[in-house]
Amino acid sequence: MNYFLSAGEASGDLHAAALIKAIKELDADARFTFLGGDLMAAEAGREPVVDYRLMAYMGFSEVLRHLPDIFANLRTAKSAIDSSNADCLILVDYPSFNLKLAKYARKRGIPVFYFIAPKVWAWKEWRVKALRRNVSKILSILPFEVDYFSRKGVAVEYVGNPSQEEIDAVARRLRADSATFRSRMGLDEGKPLLALVPGSRRGEIRNNLPVMDAVARRHPDMQPVIAGAPAIEAEYYRQYSDLPLVSDATFELMVNAEAALVTSGTATLECALAGTPQVVCYRANGKRLSYNIMKHLIKVPYVSLPNLIADEEVIPEMLVHLCTVDSVDERLSDILPGAPGRERQLEGYGRMRARLGSNHAATAAAKIIYSTLTRK
């Protein structure tokens, strides 16, 4: 069968590559056409129709500047769906672009599967209508999504969480090799590490790193280290902090840290799966009005994935005007070794893991896709 996949970011390339591998194990005659990157290309044995690096535009102004490119990519993708005689369309995250492809495929009678669905339960809930209309089934990686999408009339099945598999596969090795990591990165070998993970976007770094830096300096017995995002140059971080910086090693840093300050996002789940206690920091503009607006826009009780998955406040969330040096430091002090909050948080991580289950997400997703197509 002919499978068409669309992934518009580095994480999507990773997860889609695992899915391609799993499909090949079920369908020896599988042929793949895709939008994605090098990992997908290695598994599919061919180059992408469009490389995700030509698609990954973030923020309103950047999207606006690249509208001609975005429309060109969309035309190329639609043409490739037709020319490949696709038996199905598999979408991986990247909703603004992928939902347009879903509509196109549905009009042509092509089944659409969404692996790693848009987070409509948090914002842009109006997208549920498009999912219900154009997507055959959501292959969810977050267990609480099953109830949400089912109530909205969207076909959904939980397949497991790929982050859990990826992290468990490397965390033990990385932790055992802590001395090598410290030596390679030029870090103090005697002090426990404090990971500062200020996000992957410039605005997040600008707003959150100064708070993290100030909190870290209150703990001279620890070695604070900034996790640098791949697309952000070191000079940008230096505007807000002169603490040690490591690039392209966020997860390795979190695994070897005693605690972490993490800007809300996927990194909070990775940190929880690594077993490192954390405080969520999201300062934004730091104003109460912004906080009140955000509380009305966001449809869920928490913003961090560990809390959403566990359905309880496992990790403290210091948001907007609550994200101050004093308040973050108070929560950090409560999760350091010997403090009462540390064991509570680690126990919460255990409950979160129980909810995630032990499925291999790509394998489970591939089985659903293949069985659906062969039943036709």
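Colleague: Is Glu-43 buried, partly exposed or exposed?

Modeller: This is a predicted model, in which local features need pLDDT of at least 70 and side-chain atom pairs count only at pLDDT 80 or more, while totals for chains, interfaces and linings use all residues. Residues are numbered from 1 along each chain as its sequence is written, and side-chain values use heavy atoms, with hydrogens and water left out. Buried means under 20% relative accessible area, exposed over 50% and partly exposed in between (1.4 Å probe, protein chains only). Because its relative accessible area is 24%, Glu-43 is partly exposed.

Colleague: Which residues are in contact with Glu-43, leaving aside its neighbours within four places in sequence?

Modeller: Glu-43 lies in helix H2 (residues 38–44); helices (H or I, at least four residues) and strands (E, at least two) are DSSP runs, numbered from the N terminus. Contact means heavy atoms within 4.5 Å. With neighbours within four places set aside, the partners of Glu-43 are Ala-17, Ile-20, Lys-21 and Lys-24.

Colleague: Is Ser-6 buried or exposed?

Modeller: Ser-6 belongs to strand E1 (residues 2–7). Beyond four places in sequence, its contacts include Leu-35, Ile-90, Phe-97 and Leu-101. Because its relative accessibility is 0%, Ser-6 counts as buried.

Colleague: Which residues have the most contacts inside the largest nonpolar core?

Modeller: A nonpolar core is a set of buried Ala, Val, Leu, Ile, Met, Phe, Trp, Tyr and Cys residues joined through side-chain atoms within 4.5 Å. The largest such core has 104 residues, and helix H18 (residues 361–374) gives the largest share of this core, eight residues. Apart from this core lies another, of 25 residues, including Met-212 and Tyr-237. In the largest core, the residues with the most contacts are Tyr-3, Leu-5 and Phe-115.

Colleague: How is helix H13 oriented to helix H17?

Modeller: The axes of H13 (residues 266–273) and H17 (residues 340–356) come within 10 Å and cross at roughly 105°; axes are lines fitted to C-alpha atoms, for helices over the stretch in contact, and angles run from 0 to 180 degrees between N-to-C directions. Angles under 35 degrees count as roughly parallel, over 145 as roughly antiparallel, 65 to 115 as roughly perpendicular and the rest as oblique. Therefore H13 and H17 are roughly perpendicular.

Colleague: Which residues of H17 meet H13?

Modeller: On the H13 side, the residues are Leu-269, Cys-271, Ala-272 and Leu-273. On the H17 side, they are Tyr-349, Met-352, Arg-353 and Leu-356.

Colleague: How many of the eight residues of H13 are buried?

Modeller: The buried residues of H13 are Ala-267, Thr-268, Leu-269, Cys-271, Ala-272 and Leu-273. H13 is largely enclosed by the rest of the structure, because the buried residues number six of the eight.

Colleague: Where does the side chain of Asn-161 find a polar atom of the backbone at 2.8 Å?

Modeller: Asn-161 is found in the loop between strand E7 (156–158) and helix H8 (162–176), and Asn-161 is buried, with a relative accessible area of 1%. Leaving aside neighbours within four places, Asn-161 is in contact with residues including Leu-269 and Leu-356. The atom that lies 2.8 Å from a polar atom of its side chain is the backbone oxygen of Ile-141.

Colleague: What is the separation of the C-alpha atoms of Leu-209 and Leu-196?

Modeller: Leu-209 lies in helix H10 and is buried, with a relative accessible area of 0%. Leu-209 and Leu-196 are 13 residues apart along the chain, and their C-alpha atoms are separated by 7.8 Å.

Colleague: What is the phi of Asn-85?

Modeller: Most residues other than glycine have a negative phi. Asn-85, in the loop between helix H4 (67–83) and strand E4 (88–92), is exposed, with a relative accessible area of 56%. Its phi is positive, near 55°.

Definitions and conventions. Polar contact = N/O pair within 3.5 Å; in protein donor to acceptor, adjacent residues only side chain to side chain.
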